Amino acid sequence: MVDQSIASLAQKLRAKEISSVELTQDYLARIKQLDGQLNSFITVTDEVALAQAEAADKLIAAGSTSALAGIPIAHKDLFCTDGVLTTCASKMLHNFVPPYESTVTGRMLASGVVTLGKTNMDEFAMGSSNENSYYGAVKNPWNLEKVPGGSSGGSAAAVAAGLCVAATGTDTGGSIRQPASFCGISGLKPTYGRVSRFGMIAYASSLDQAGPMARSAEDCAHILQSIAGFDGNDSTCSEVAIEDYTANLDAPLDGLTIGLPKEYFGDGLNNDVATVIQDAVKEFEKLGAKVKEISLPNLNLSIPSYYVIAPSEASSNLSRFDGVRYGYRCEEPKDLMDMYKRSRGEGFGKEVQKRIMVGTYALSEGYYDAYYLKAQRIRRLIKEDFVNALAEVDVIMGPVAPTTAFGIGAKTDDPIAMYLEDIYTLSINLAGIPAMSIPAGFADGMPVGLQIMGNYFAEAKLLNVAHKFQQATDWHTKNPSLAEGA
Amino acid sequence: MSLEKQDVLKIAHLARLALDDNDAEQYQHSLTSVLDLVEQMQSVDTDGVEPLSHPLEAKQRLREDVVTEENRREAFLANAPQTEAGLFLVPKVID
């Protein structure tokens, strides 16, 4: 059952070939059996899951039409879940039990999902390798010596290993797409504002966006349908009407114009990864698409711009963790200042502290114009590059990352090298457009993701393009041997 | 751009982070390398380019000024490290 699509599981649940309780028991057993190798879950919620599965079986028997009813999923441990430990993979929140539900998890509950647990991640979503977790690194199911990517590395590893049908992730600079690429699954970062951020523990509020991570574009479409749309609890959530994300998945791609930015295929891109991407583009040509070379001239500036804007917003957002209202407090503080400083000094990990300090510096008196405002001006140039390109083409394609998954520990001594790896994903968050990663092949035995970028609110088009590729190829059906050997 | 150890300690103070000497030296290097990375922004001409703070340039939405939340004092206090008489407790602030 572990490699079935949401649609086929929904059909089996309705045909009574299997119950949600049985399905949930299967997945819980797999987590117990396999997750010791991966460390993809921080919390497994057995009892909650089985109770939700019982309720889902009743809903289905009563005629529920929700495609997600009874489907076992997992949430990145950054979404607040009412009554369930939510850590953001930080010592700072090691004991935080939210008294409310995030919009994303609440909407999925309303769709009847079964929540198996909360997945591991880089602390406060800061990282590209899932090595910055208070709960330990996550392993890539395709090769346990390699990283799963980050920051949604636990979600990606769990989906790839068949420990859940699908999972939620969040993406501030690539945190859905890069782990999806490294683990060989499908992931979608929607348009900024398409999905409510209410109840997501904030990293960089003008960049953060939640989205689905699953085994196919079609599965992503079902989850997006549940979570997308206006929410009055998030002042930046868009009022643009949502589409029916599954209705046009099969629409033909004849005449589709694909833009290939030359900056995505230059120095630094691994040759084998480049070959996989070029072969994927050829597949689209067979499906009737036309290809056009385009340019995104300010792409290189996305790294400096991002590493000012994201830390600046983080330094502001993370000021709420002060040891007063929730989370970690140091032992025996001698006064208020000592309590703030030691609680934060002991509660946050090194990468988080570093980004808070970069942001504090960039926003401090005398530096604000040179750093924060400058970065925001460059952000406009980057956005305009995409707006201009998307006036000429329907979608843009390229790699997600310059390489496949790297070794655990390989880049921990050189964090700047790790930052540079995000060159193909950061600009999408700065511009706010939607983008997907879908499996497109392998290089050296590790999965390679194809990135598909589109115009604002063009999620249905991206899903259609990805789905047609997945109808014509079988890369998304490949399973790591860890899963097969179980 | 090179930060001195004193600069790091000042930034850490502003950010309310307790650092020991060893940490401060590490951060001196790692913060300097991030600042070097972002330095390349300064070579770009952005004269006349307006800063972009929201990708869709949305305006702040307003709502009616009415009570929308119920009082959930107990639930919120339940996560606090220390409380007393329905209040968050912190170390003594005034001598």
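**Entry 1**

I began at A:Ser151, which I found in the loop between strand E3 (114-119) and helix H5 (153-160) of chain A; here helices (H or I, at least four residues) and strands (E, at least two) are DSSP runs, numbered from the N terminus.

For the record, I am reading a predicted model, in which local features need pLDDT of at least 70 and side-chain atom pairs count only at pLDDT 80 or more, while totals for chains, interfaces and linings use all residues. Residues are numbered from 1 along each chain as its sequence is written, and chains are lettered from A and ligands numbered from 1 in the order in which they are written.

**Entry 2: the annotated positions**

I looked up the UniProt record, an unreviewed entry, and it gives the feature "active site" at A:Lys76, A:Ser151 and A:Ser175. These positions are spread over 100 residues of sequence, yet they cluster in space, with a largest C-alpha distance of 11.0 Å. I keep in mind that UniProt positions are given in the numbering used here, that feature names are shortened, and that annotations may be inferred rather than shown by experiment.

I placed A:Lys76 in strand E2 (residues 72-76) of chain A. A:Lys76 counts as buried because it has 33 C-beta neighbours inside 10 Å; the cut-offs are 20 or more other C-beta atoms within 10 Å of a residue's own for buried, 12 or fewer for exposed, and partly exposed in between, with C-beta atoms placed from the backbone. Leaving aside neighbours within four places in sequence, I listed the contacts of A:Lys76, among them A:Thr119, A:Met121, A:Ser152 and A:Ser155, where contact means that the C-beta atoms of two residues, placed from the backbone, lie within 7 Å.

A:Ser175 I found in the loop between strand E4 (166-170) and helix H6 (177-183) of chain A. With 37 C-beta neighbours inside 10 Å, A:Ser175 is counted as buried.

I traced an open sheet of 11 strands in chain A, in the order E1-E3-E2-E4-E6-E5-E10-E11-E9-E7-E8, with mixed pairing; two strands pair if DSSP finds at least two bridges between them. Strand E1 (41-44) and strand E8 (290-294) stand at the edges, each with a single partner strand, so one side of each is left without a neighbour in the sheet. Neighbouring strands of this sheet are turned by 30 degrees against each other on average, direction ignored; the axes are lines fitted to C-alpha atoms, for helices over the stretch in contact, and angles run from 0 to 180 degrees between N-to-C directions.

I then followed strand E11 (residues 446-453) of chain A, which is mostly covered, with eight of its eight residues buried. Strand E10 (residues 435-443) of chain A pairs with E11(A) in the antiparallel sense over eight bridges, and A:Ala443 stands opposite A:Met446 in E11(A). E10(A) and E11(A) form a hairpin with two residues between them, and A:Asp444 in the turn has a positive phi of about 55 degrees. Strand E9 (residues 395-399) of chain A also pairs with E11(A) in the antiparallel sense, over four bridges, with A:Ile396 opposite A:Met453.

Elsewhere in the sheet, strand E5 (residues 186-189) and strand E6 (residues 210-214) of chain A run antiparallel and are joined by two bridges, and A:Gly187 stands opposite A:Met213 in E6(A).

**Entry 3: chain B against chain A**

I looked up the interface and found 41 residues of chain B in contact with 55 residues of chain A. On the side of chain B that touches chain A, the elements giving two or more residues are helix H1 (5-14), helix H2 (21-39) and helix H3 (73-77) of chain B, and the largest share, seven residues, comes from H2(B). By class, this side of chain B has 29 nonpolar, eight polar and four charged residues; Ala, Val, Leu, Ile, Met, Phe, Trp, Tyr, Cys and Pro count as nonpolar, Asp, Glu, Lys and Arg as charged, and the others, Gly among them, as polar.

On confidence, the predictor gives the complex an ipTM of 0.96 and a pTM of 0.97. The mean pLDDT of chain B is 92, with 99% of its residues at 70 or more, pLDDT being the predictor's confidence in each residue, from 0 to 100.

**Entry 4: a backbone angle in chain B**

I noted that B:Arg16 has a positive phi of about 55 degrees although it is not a glycine. B:Arg16 has its place in the loop between H1 and H2 of chain B.
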